[in-house]
Amino acid sequence: MATRDIRPSDTVLNCDVCGRTLLRGEGADHYLHGGERKLVCELCRGRAVNEGWIPEDESLEPRAQWGSGDRRRSLLGRLRGRREHPGAPLAYDDDREIDDTGDAERVPVVGPPLPSPPPRRQPPPPSLMHERHVHAVPSSDEMKRARALELFNTSEHPRSVAGIARSLGPPLVAVLTDAHRSSVVTIVVGWELSWYRYEADLADEANGVRIAAQGTELDELSQDEHVGNAVADDDGLLALGPPR
C-alpha cells in the first residue's frame with residue numbers, strides 16, 4: 001500500500017505531475033523517480049506509473065522475493081536432472097547446503113550447456129507506434145469541442161463536478177479551442193467560489209483530460225472564459241449548448 005501524505009491543515013503542497021495545489025483533505029501518494037521522492041495526487045497516479053515512477057512502498061519488493069528456499073529448490077532441480085541424464089558430467093555449485101549440525105557440504109549439480117535465450121522481441125515499426133498514439137485532429141472548432149467533451153465525460157472529472165455542484169449549484173462551462181495549439185481544447189468549469197481549467201490534447205488522447213489550473217475567484221478567468229457555451233447535468237457530464 002502506498003504511503004499517504006499526512007500534513008497540517010495550513011500546509012500547501014503541489015502535485016509533482018500536474019503541478020496543481022492539493023485541496024484540503026485530498027489524498028496523495030509518494031513515488032520515487034530519478035532518486036528523488038515525488039508527491040503524486042490521486043488523479044495523476046496512472047501518469048506517474050506510465051512515466052516509470054515507482055510507488056515508494058514497492059521499491060524494495062524485488063529484493064525481498066529471493067530467499068534461501070528458492071536456491072535450495074534450484075539445487076534439487078539440478079540433482080533431479082542428473083538422475084534423468086546419467087551420462088552428463090558433474091559440476092559443483094558455489095552455494096553450500098547447511099545440514100542440521102551446521103556443517104556445509106558441496107552439492108554436485110549437473111552442468112549441461114544452458115539453452116539459448118529466446119529471441120528478443122522487436123518493437124513495432126515507428127509508423128505503427130505513431131498510428132497507435134497519435135489521432136487525427138478534427139478540422140472544425142465545433143468538432144474539436146465536441147470531441148473534447150467526449151473525452152472529459154469518460155474521465156474521472158465528471159464525478160468531481162457533480163460533487164461540487166451539489167453544494168454550489170450548476171457551474172459556468174466554457175469550452176474553447178486554442179489559437180496557438182490547434183490540437184488543444186480548454187474546458188473551464190466554474191462557480192462563484194471555485195473554478196477548474198481542464199485541457200484535452202486531441203492529438204494525444206491516450207493522456208486523457210488533465211487539470212491545467214484552478215482557482216477560487218471567477219475574476220481570475222479571461223473574458224472569453226466567462227462566456228458559457230456548454231452545460232453540466234446532475235452527473236457532472238458536459239454537453240455543448242447555451243447555459244440554462
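**Ring pairs and salt bridges in a predicted model**

The structure holds two aromatic pairs. Rings of Phe, Tyr and Trp (its six-membered ring) count as a pair if their centres lie within 6.5 Å; planes under 30 degrees apart are called stacked, over 60 edge-to-face, and the rest tilted. This is a predicted model, in which local features need pLDDT of at least 70 and side-chain atom pairs count only at pLDDT 80 or more, while totals for chains, interfaces and linings use all residues. Residues are numbered from 1 along each chain as its sequence is written, and side-chain values use heavy atoms, with hydrogens and water left out.

Phenylalanine 152 and tyrosine 198 make an edge-to-face pair, with 5.1 Å from centre to centre and 80 degrees between the planes. This pair links distant parts of the chain: phenylalanine 152 is in helix 5 (residues 141-153) and tyrosine 198 in strand 8 (residues 195-201), 46 residues apart. Helices (H or I, at least four residues) and strands (E, at least two) are DSSP runs, numbered from the N terminus. Phenylalanine 152 and tyrosine 198 are buried. Buried means under 20% relative accessible area, exposed means over 50%, and partly exposed lies in between (1.4 Å probe, protein chains only).

The rings of tyrosine 196 and tyrosine 198 have centres 6.3 Å apart and planes at 25 degrees, so this pair is stacked. Tyrosine 196 and tyrosine 198 are both buried.

The next topic is charge. Side chains of opposite charge can pair when their charged atoms come close. A salt bridge is a side-chain nitrogen of Lys or Arg within 4 Å of a carboxyl oxygen of Asp or Glu. A search of the whole structure finds nine salt bridges.

One of them joins arginine 45 and aspartate 29 (2.7 Å, N to O). Arginine 45 is in helix 1 (residues 45-50) and aspartate 29 in strand 1, 16 residues apart. Arginine 45 is partly exposed at 30% relative accessibility, whereas aspartate 29 is buried at 3%.

Arginine 147 and glutamate 205 also meet in a salt bridge (2.7 Å, N to O). Arginine 147 lies in helix 5 and glutamate 205 in the loop between strand 8 and strand 9, so the pair ties together parts that are 58 residues apart in sequence. Arginine 147 is partly exposed at 27%, and glutamate 205 is buried at 15%.

A further salt bridge joins arginine 181 and aspartate 178 (3.1 Å, N to O). Asp178 and Arg181 belong to a network of salt bridges that includes Glu199 and Arg210.
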